[in-house]
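This report is written for a reader new to the structure shown below.

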Amino acid sequence: MILLSGGDIVLPDRVLGGGTLVLDGDRIVEVDRATRSPGGTDPHFDLRRHYILPGFIDVHVHGVEGIDALDGGDAIGRLAERLPRFGVTAFCPTSIACAPPALRVMLSAVRAARTSAPAGARVLPAHLESNFISAEYRGAQPLECIRTPRAAGRQGDFSGDQILAEIAAARPDVGIVTLASELEGALDLIRDLTAQGHHVSLGHSAATYEQAMAGFDAGARQATHLFNRMPPLGHRAPGLAGAALEHDDVIAELICDGVHVHPAMVRVALSAKQPSGVMAITDGTAGSGLPPGTRTLLGGRPITVRDTARLDDGTIAGSVLTMDRAFAKLVTVMGLGLVDAATICATTAARALRLQGFGAIAPGAAADLVVLDADFGVVHTFVAGSPVWSRPRR
Ligand SMILES: [Zn+2]
């Protein structure tokens with residue numbers, strides 16, 4: 001057993017001040033209202049003046065610290081090793097639109113990491129920012145890789161069907177597929193993908209309100225980085241943003257760095273959807289965690305760390321956000337309480353992905369936890385009851 005005592009424990013409905021968590025194996029077995037003193041031989045963490053939260057779950061992260069999910073080799077395992085220092089206990093490795101061989105390499109690396117369970121964050125099924133997106137709203141995604149769903153034959157070097165064949169060959173390792181519902185054949189594709197157990201998220205899309213609602217009716221249940229890479233919310237033309245805000249069954253990803261979405265619009269989204277309808281994502285890249293000026297890659301495309309990650313022409317290319325900073329911004333800039341911020345950084349994503357027993361601190365839940373200091377710096381990250389990262393003592 002491991003005792004985590006004296007911290008402010010962020011439960012799903014309240015903060016328990018000065019309580020104790022008891023971990024046994026990979027589970028939380030007890031939430032005690034009292035601070036327990038060390039005794040016996042059980043490892044004991046004195047966490048007075050610290051916060052204990054459910055570990056962060058990032059469903060949209062391309063990379064961190066010089067590693068990109070599409071780098072090949074053991075990139076996915078190395079991401080899993082690095083992310084706990086930012087409080088992440090589970091993540092969906094995220095691709096950008098790419099050619100079939102690159103997708104195959106990444107999905108087999110996801111498979112390998114999920115089978116071998118490297119020490120670090122849990123590797124969840126991948127998130128594909130797929131080839132089936134709007135050319136106009138592609139952002140930093142390569143135009144030459146964008147396809148129309150089910151268009152007959154090859155378009156350029158490869159066909160959309162070849163991408164779908166890669167997805168079919170790696171079904172259990174493909175979690176979320178981002179696509180644009182206004183494209184020809186997209187509604188049938190949404191029906192097919194959801195019938196096969198994938199989560200479809202609408203994004204990188206020019207969809208009108210009606211086209212977005214048709215996508216949700218076909219089975220899409222998420223919106224990819226709400227407000228970014230979609231037409232702006234307009235009072236006569238609500239678009240995908242308006243549809244996602246309105247639809248009760250749709251969960252919205254939100255990049256909570258204060259750059260991609262103005263803090264006021266974060267609050268607007270939260271009042272429309274409540275914390276249970278929003279999940280904080282980083283959209284982080286290999287530039288995350290690296291100093292300004294650093295050159296690195298996003299899906300093989302050169303990017304530079306500036307105010308965020310940018311292509312050479314200045315186009316925003318993902319972010320340099322990490323989940324610990326997203327949590328801190330939600331509290332300090334957006335003005336949220338700890339319970340709501342933890343819901344947005346952990347609980348909603350677990351529910352969206354149907355990860356039972358994850359994303360909340362409760363007896364019987366997985367012991368995936370992050371411990372923060374009073375300034376929201378990450379001190380310890382636990383995955384399955386083991387401390388996988390601890391800040392070096394200063
Ligand atoms: Zn994107």
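Helix α9 is mostly covered, with twelve of its 15 residues buried. This is a predicted model. The buried set in α9 consists of D340, A341, A342, T343, I344, C345, A346, T347, T348, A349, A350 and A352. I344, which belongs to that buried set, is also the residue on which a kink of about 50 degrees in α9 is centred. As for length, the 15 residues of α9 (residues 338-352) should span 21 Å at 1.5 Å a residue, and the end C-alpha atoms are 20 Å apart, which agrees. Beyond the helix, α9 is followed by R354, whose phi is positive, near 55 degrees.

Is P125 buried or exposed? A residue counts as buried if 20 or more other C-beta atoms lie within 10 Å of its own. P125 has 23 other C-beta atoms within 10 Å and is therefore buried. When neighbours within four places in sequence are left aside, the residues in contact with P125 are C92, P172, D173, V174 and G175. The C-alpha atoms of P125 and F358 are separated by 15 Å, although the two residues are 233 residues apart along the chain.

The remaining topic is the packing of helices. Two packed helices are described by the angle between their axes and the distance between the axes.

| Helices | Angle between axes | Distance between axes |
|---|---|---|
| α1 (residues 75-82) and α2 (residues 100-116) | roughly 50 degrees | within 8 Å |
| α2 and α3 (residues 160-169) | about 10 degrees | 10 Å |

Angles under 35 degrees count as roughly parallel. With an angle of about 10 degrees, α2 and α3 are therefore roughly parallel to each other. Their contact is made by P100, L103, R104 and L107 of α2 together with Q162, I163 and E166 of α3. By class, the contact of α2 with α3 has four nonpolar, one polar and two charged residues.

The axes of α1 and α2 cross at roughly 50 degrees, and these helices are therefore oblique to each other. On the side of α1 the contact is made by A75, I76, G77 and A80, and on the side of α2 by A109, V110 and A113.

Key:
Residues numbered from 1 in each chain as written. Predicted model: local features only at pLDDT ≥ 70, side-chain atom pairs only at ≥ 80, totals over all residues. Axes fitted to C-alpha atoms, helices over the stretch in contact; angles between N-to-C directions. Helix = DSSP H or I, 4+ residues; strand = E, 2+ residues; numbered from the N terminus. Parallel < 35°, antiparallel > 145°, perpendicular 65-115°, else oblique. Contact = placed C-beta atoms within 7 Å. Expected span 1.5 Å × (residues − 1). Bend = angle between axes of the 7 residues up to and from the residue. Nonpolar A, V, L, I, M, F, W, Y, C, P; charged D, E, K, R; others polar.
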